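Please read them with the structure open beside the text.

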Amino acid sequence: PESPEAGVLDKELIVRLKKGARESIHDLAKRLGARVAGSIDSLDAHRLVFDDAEAADRARNELASSANVESVESNYAIGSPTRMERATGLQAPVLG
């Protein structure tokens with residue numbers, strides 16, 4: 001389900017932890033009643049999914065004041081292209 005704001009997934013948050021965070025993303029998710037649906041380890045960014053939008057809002061407020069959290073952002077749905085088109089005007093670079 002999406003909120004009226006275009007593309008926002010209201011039950012999901014993207015959370016980046018600070019380097020040296022004392023709480024793991026899995027412990028954090030468990031404490032907040034969420035599950036970790038995906039991660040980009042090189043960015044220490046994690047997709048948390050909650051049971052409902054209200055739980056995500058409560059978690060956002062708590063995460064925003066956490067010493068372990070670098071940032072908290074909404075997650076957005078991005079649709080697939082409706083049709084494939086050939087790229088024109090592109091030329092591969094010369095290697096070597």
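1. How many bridges join strand 2 to strand 3? The two strands run antiparallel and are joined by five bridges, with strand 3 covering residues 45-49; within this pairing, I40 stands opposite A45 in strand 3. Strands here are DSSP runs of E of at least two residues, and helices are runs of H or I of at least four, both numbered from the N terminus, while two strands pair if DSSP finds at least two bridges between them.

2. On the basis of these notes: this is a predicted model, in which local features need pLDDT of at least 70 and side-chain atom pairs count only at pLDDT 80 or more, whereas totals for chains, interfaces and linings use all residues. Residues are numbered from 1 along each chain as its sequence is written, and side-chain values use heavy atoms, with hydrogens and water left out.

3. The protein chain contains two helices and four strands, which follow one another along the sequence in the pattern β-α-β-β-α-β. Its radius of gyration, taken over C-alpha atoms, is 18 Å, well over the 12 Å that the globule rule (2.2 Å times the number of residues to the power 0.38) gives for 96 residues, so the chain is more spread out than a compact globule. Along the principal axes, the C-alpha atoms fill a box of roughly 50 × 40 × 20 Å.

4. The four strands form an open sheet with antiparallel pairing, in the order 2-3-1-4. Strand 2 (35-40) and strand 4 (69-76) stand at the edges with a single partner strand each, so one side of each has no neighbour in the sheet. Neighbouring strands are turned by 25° against each other on average, direction ignored, where axes are lines fitted to C-alpha atoms, for helices over the stretch in contact, and angles run from 0 to 180 degrees between N-to-C directions.

5. Strand 1 is joined to strand 4 by seven bridges, and in that pairing V69 of strand 4 is the bridge partner of L17. Five bridges join strand 1 to strand 3, again antiparallel, and I14 stands opposite R47 in strand 3.

6. Helix 1 (residues 25-32) has the buried residues I25, L28, A29 and L32, buried meaning under 20% relative accessible area, exposed over 50% and partly exposed in between, with a 1.4 Å probe and protein chains only. Seen down the helix axis, these buried residues fall within an arc of 100° (the arc of the directions from the axis to the C-beta atoms), so they line one face of helix 1. They pack against strand 1, strand 2, strand 3, helix 2 and strand 4, contact meaning heavy atoms within 4.5 Å. The face turned away from the buried side carries the exposed residues H26 and K30, and helix 1 is followed by G33, whose phi is positive, near 75°.

7. Where is K18 found, and which residues does K18 touch? K18 is in the loop between strand 1 and helix 1, and, not counting residues up to four places away in sequence, touches D44, A67, N68, V69 and E70. At 34% relative accessibility, K18 counts as partly exposed.

8. Two totals complete the picture. Of the 96 residues of the protein chain, 30% count as buried, and residues 24 or more positions apart account for 63% of the contacts with a separation of 6 or more.
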